[in-house]
Amino acid sequence: MATTVESLHPRTGRTVPLPVTIASWAVPVMIVGQFSLIAAVPVVITVFGALRHVPDRAVRWAAALLTGTYAVPLVIWLTRPDGARSLSKDMHPLSVGLIVAASAAVLVALHRTRRRHPSGR
(Lines give C-alpha, C1' and ligand atoms only; values in the text may rest on other atoms or scores of the structure.)
Protein backbone atom coordinates (compact mmCIF):
# COMPACT_ATOMS: atom_id res chain seq x y z
CA MET A 1 0.00 0.00 0.00
CA ALA A 2 1.61 3.23 -1.12
CA THR A 3 0.68 6.64 0.14
CA THR A 4 1.51 9.90 -1.52
CA VAL A 5 1.88 13.18 0.23
CA GLU A 6 1.22 16.35 -1.70
CA SER A 7 2.92 19.50 -0.59
CA LEU A 8 0.86 22.61 -0.01
CA HIS A 9 3.60 24.65 -1.66
CA PRO A 10 4.84 22.84 -4.75
CA ARG A 11 8.36 23.65 -5.85
CA THR A 12 8.36 25.81 -8.94
CA GLY A 13 12.09 25.64 -9.53
CA ARG A 14 12.57 29.35 -8.84
CA THR A 15 15.96 30.46 -7.62
CA VAL A 16 14.55 33.84 -6.59
CA PRO A 17 11.23 33.93 -4.72
CA LEU A 18 8.60 36.23 -6.22
CA PRO A 19 8.05 38.23 -2.97
CA VAL A 20 11.73 39.21 -2.97
CA THR A 21 11.45 40.56 -6.50
CA ILE A 22 8.22 42.43 -5.79
CA ALA A 23 9.60 43.92 -2.57
CA SER A 24 12.77 44.97 -4.39
CA TRP A 25 10.68 46.90 -6.89
CA ALA A 26 8.48 48.38 -4.16
CA VAL A 27 11.35 50.00 -2.23
CA PRO A 28 12.31 52.70 -4.77
CA VAL A 29 8.68 53.32 -5.66
CA MET A 30 7.80 53.95 -2.01
CA ILE A 31 10.89 56.05 -1.32
CA VAL A 32 10.35 58.29 -4.34
CA GLY A 33 6.61 58.38 -3.63
CA GLN A 34 7.28 59.84 -0.14
CA PHE A 35 6.26 56.69 1.78
CA SER A 36 9.69 56.18 3.32
CA LEU A 37 8.64 54.82 6.69
CA ILE A 38 6.33 52.22 5.14
CA ALA A 39 9.19 51.21 2.83
CA ALA A 40 10.71 49.41 5.82
CA VAL A 41 8.38 46.49 5.13
CA PRO A 42 9.68 45.71 1.62
CA VAL A 43 13.26 46.35 2.80
CA VAL A 44 12.83 43.67 5.48
CA ILE A 45 11.19 41.28 3.02
CA THR A 46 14.02 41.82 0.56
CA VAL A 47 16.83 41.26 3.03
CA PHE A 48 15.32 38.22 4.74
CA GLY A 49 14.27 36.65 1.45
CA ALA A 50 17.69 37.24 -0.07
CA LEU A 51 19.54 35.88 2.94
CA ARG A 52 17.37 32.79 3.32
CA HIS A 53 16.36 31.77 -0.18
CA VAL A 54 18.79 33.18 -2.75
CA PRO A 55 22.10 31.34 -3.06
CA ASP A 56 23.87 34.10 -5.02
CA ARG A 57 26.29 36.17 -2.93
CA ALA A 58 25.84 39.27 -5.08
CA VAL A 59 22.14 39.38 -4.22
CA ARG A 60 22.93 38.97 -0.54
CA TRP A 61 25.50 41.77 -0.58
CA ALA A 62 23.18 44.07 -2.51
CA ALA A 63 20.36 43.35 -0.04
CA ALA A 64 22.69 44.13 2.86
CA LEU A 65 23.69 47.36 1.13
CA LEU A 66 20.02 48.27 0.71
CA THR A 67 19.37 47.61 4.37
CA GLY A 68 22.32 49.73 5.43
CA THR A 69 21.43 52.65 3.20
CA TYR A 70 17.85 52.57 4.49
CA ALA A 71 18.81 52.12 8.15
CA VAL A 72 21.09 55.16 8.35
CA PRO A 73 18.43 57.84 7.63
CA LEU A 74 15.90 55.91 9.71
CA VAL A 75 18.16 55.86 12.78
CA ILE A 76 19.06 59.53 12.28
CA TRP A 77 15.38 60.45 12.06
CA LEU A 78 14.51 58.42 15.16
CA THR A 79 17.33 59.83 17.29
CA ARG A 80 17.09 63.50 16.31
CA PRO A 81 15.06 65.51 18.80
CA ASP A 82 14.24 68.21 16.24
CA GLY A 83 13.47 65.94 13.28
CA ALA A 84 10.61 66.38 10.87
CA ARG A 85 7.24 64.72 11.39
CA SER A 86 7.89 62.15 8.66
CA LEU A 87 10.93 60.26 7.50
CA SER A 88 10.32 61.39 3.93
CA LYS A 89 10.54 65.05 4.92
CA ASP A 90 13.65 64.51 7.04
CA MET A 91 15.59 62.40 4.54
CA HIS A 92 18.37 64.09 2.59
CA PRO A 93 18.06 63.82 -1.21
CA LEU A 94 21.43 62.06 -1.31
CA SER A 95 20.02 59.36 0.99
CA VAL A 96 17.07 58.94 -1.33
CA GLY A 97 19.44 58.52 -4.27
CA LEU A 98 21.58 56.00 -2.41
CA ILE A 99 18.57 53.92 -1.40
CA VAL A 100 17.23 53.92 -4.96
CA ALA A 101 20.68 52.99 -6.28
CA ALA A 102 21.03 50.17 -3.75
CA SER A 103 17.59 48.88 -4.72
CA ALA A 104 18.63 49.01 -8.37
CA ALA A 105 21.72 46.97 -7.43
CA VAL A 106 19.46 44.34 -5.84
CA LEU A 107 17.29 44.24 -8.96
CA VAL A 108 20.31 43.89 -11.26
CA ALA A 109 21.74 41.11 -9.07
CA LEU A 110 18.36 39.32 -9.08
CA HIS A 111 18.15 39.61 -12.86
CA ARG A 112 21.70 38.32 -13.22
CA THR A 113 20.86 35.36 -10.98
CA ARG A 114 17.85 34.49 -13.10
CA ARG A 115 19.87 34.65 -16.32
CA ARG A 116 22.60 32.50 -14.83
CA HIS A 117 20.13 29.84 -13.68
CA PRO A 118 17.52 29.39 -16.46
CA SER A 119 15.40 27.12 -14.25
CA GLY A 120 14.69 30.14 -12.05
CA ARG A 121 11.87 31.44 -14.17
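What pattern does the chain follow, read along the sequence? I get α-α-α-α-α, with five helices and zero strands. Helices here are DSSP runs of H or I with at least four residues, strands are runs of E with at least two, and numbering starts from the N terminus.

Ground rules for myself: this is a predicted model, where local features need pLDDT of at least 70 and side-chain atom pairs count only at pLDDT 80 or more, while totals for chains, interfaces and linings use all residues. Residues are numbered from 1 along each chain as its sequence is written, and side-chain values use heavy atoms, with hydrogens and water left out.

**Whole chain.** I looked up burial: 36% of the 121 residues are buried (buried is under 20% relative accessible area, exposed over 50%, partly exposed in between, with a 1.4 Å probe and protein chains only). The chain exposes about 8,100 Å², and carbon and sulfur atoms supply 67% of that (Shrake-Rupley method, 1.4 Å probe). For contacts (heavy atoms within 4.5 Å), I took those between residues at least 6 apart in sequence, and 68% of them join residues at least 24 apart.

**Helix 1.** It has 15 residues and reaches 22 Å from first C-alpha to last, close to the expected 21 Å (1.5 Å times one less than its number of residues). I noted its buried residues, among them Val20, Ala23, Val27 and Ile31. The buried residues of helix 1 pack against helix 2, helix 3 and helix 5. Ile22 sits in helix 1 too, but Ile22 is exposed at 52%. Its C-alpha is 8.2 Å from that of Pro42, 20 residues apart along the chain. Just after helix 1, Gln34 takes a positive phi of about 70°.

**Salt bridges.** How many does the structure hold? I count three (a side-chain nitrogen of Lys or Arg within 4 Å of a carboxyl oxygen of Asp or Glu).

Asp56 pairs with Arg112, closest N and O atoms 3.1 Å apart. Asp56 lies in the loop between helix 2 and helix 3 and Arg112 in helix 5, so the pair ties together parts 56 residues apart in sequence. Asp56 counts as buried at 11%, whereas Arg112 is partly exposed at 37%.

Arg80 bridges to Asp82 at 3.6 Å and to Asp90 at 3.1 Å. Salt bridges that share partners join Arg80, Asp82 and Asp90 into one network. I checked exposure there as well: Asp82 is exposed at 59%, Arg80 is partly exposed at 36%, and Asp90 counts as buried at 17%.
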